[in-house]
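Subject: Structure handover

Hello,

Here is the structure I said I would pass on. My notes on what was found in it follow below.

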Amino acid sequence: MSADEGSATLEFLTAGLLLLIPTVYLVIALAQLQAGAYATEGAARQAARVYVRADTVDDAAAAADRAVRVGLADYGVDADTADVAVTCAPDPDDCLARGGSVTVRVAVTVALPLLPTAVDAAAPTGVPMDASATQPVSRFRGAQG
């Protein structure tokens with residue numbers, strides 16, 4: 001019979017590390033992806049809201065850009081990589097027409113944590129996410145009270 005003294009501790013540490021490290025990485029990665037999902041959804045919603053409240057289309061575009069940048073920065077997502085698209089209905093040329101609607105779509109790629117940039121050549125190191133939000137333009141817009 002051989003002595004088993006100390007082997008349980010070694011087995012526990014080995015198995016614990018083999019299971020703990022991937023579990024911790026999975027939790028961190030899921031938290032990063034959830035933050036990206038919240039960031040894109042919140043940025044799109046807020047950009048659509050400020051767009052329909054602006055006085056001119058130029059002011060609306062600037063306000064929407066600021067809203068997207070702030071919304072993404074709140075969750076640590078790089079706003080410079082965001083793709084923002086604004087569409088208007090029923091007239092695409094008049095986004096602030098009474099009774100119309102404005103849709104803002106925000107798309108970003110959320111980087112997976114702790115991956116070196118050299119891996120990007122072989123496999124993508126991020127997950128693409130997008131969200132859109134639609135807000136109606138007030139039918140009373142521009143009315144004098």
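The count of aromatic pairs comes to one. The pair is made by tyrosine 38 and tyrosine 75, whose ring centres are 6.4 Å apart; their planes meet at 40°, so the pair counts as tilted. Tyrosine 38 belongs to helix H1, while tyrosine 75 sits in the loop between H2 and strand S1 (83-89). With 37 residues separating them, the two tyrosines link distant parts of the chain. Tyrosine 38 has a relative accessible area of 47% and is partly exposed. Tyrosine 75 is partly exposed too, at 42%. Please keep in mind that this is a predicted model.

The largest nonpolar core holds 28 residues, and Tyr51, Leu72 and Val102 have the most contacts inside it. Two or more residues each come from helix H1 (7-53), helix H2 (57-74), strand S2 (101-111) and strand S3 (126-136). H1 gives the most, with eight residues. As background, nonpolar side chains in soluble globular proteins tend to be buried together.

Which residues does tyrosine 51 contact, leaving aside its neighbours within four places in sequence? They are Val57, Ala60, Ala61, Ala64, Val86, Cys95, Leu96 and Val102. Val102 is also named among the core residues with the most contacts.

Two single positions are worth a look. Alanine 63 lies in helix H2. Is alanine 63 buried or exposed? Its relative accessible area is 14%, and because buried means under 20%, alanine 63 is buried. Its C-alpha atom is separated by 14 Å from that of alanine 79, which is 16 residues away along the chain.

The other position is threonine 56, in the loop between H1 and H2. Threonine 56 is partly exposed, with 36% relative accessibility. Not counting residues up to four places away in sequence, threonine 56 touches Leu96 and Arg141. Threonine 56 and leucine 96 are 40 residues apart along the chain, yet their C-alpha atoms are separated by 7.7 Å. Leu96 is also one of the contacts of tyrosine 51.

Last, the surface. Leu20, Val24 and Ile28 form a nonpolar patch there, with about 240 Å² of accessible area together. Of these, leucine 20 is found in helix H1, the helix that also holds tyrosine 38 of the aromatic pair.

Regards

Notes: Residues numbered from 1 in each chain as written. Predicted model: local features only at pLDDT ≥ 70, side-chain atom pairs only at ≥ 80, totals over all residues. Heavy atoms only, no water. Core = buried A, V, L, I, M, F, W, Y, C linked by side-chain atoms within 4.5 Å. Buried < 20%, exposed > 50% of the residue type's maximum accessible area, 1.4 Å probe, protein only. Helix = DSSP H or I, 4+ residues; strand = E, 2+ residues; numbered from the N terminus. Contact = heavy atoms within 4.5 Å. Patch = residues over 30% accessible without salt bridge, like charges linked within 9 Å, V, L, I, M, F, W, Y side chains within 5 Å. Areas by Shrake-Rupley, 256 points an atom, 1.4 Å probe, with all protein chains shown as cover. Salt bridge = Lys/Arg side-chain N within 4 Å of Asp/Glu carboxyl O. Phe/Tyr/Trp six-rings, centres within 6.5 Å; stacked < 30°, edge-to-face > 60°.
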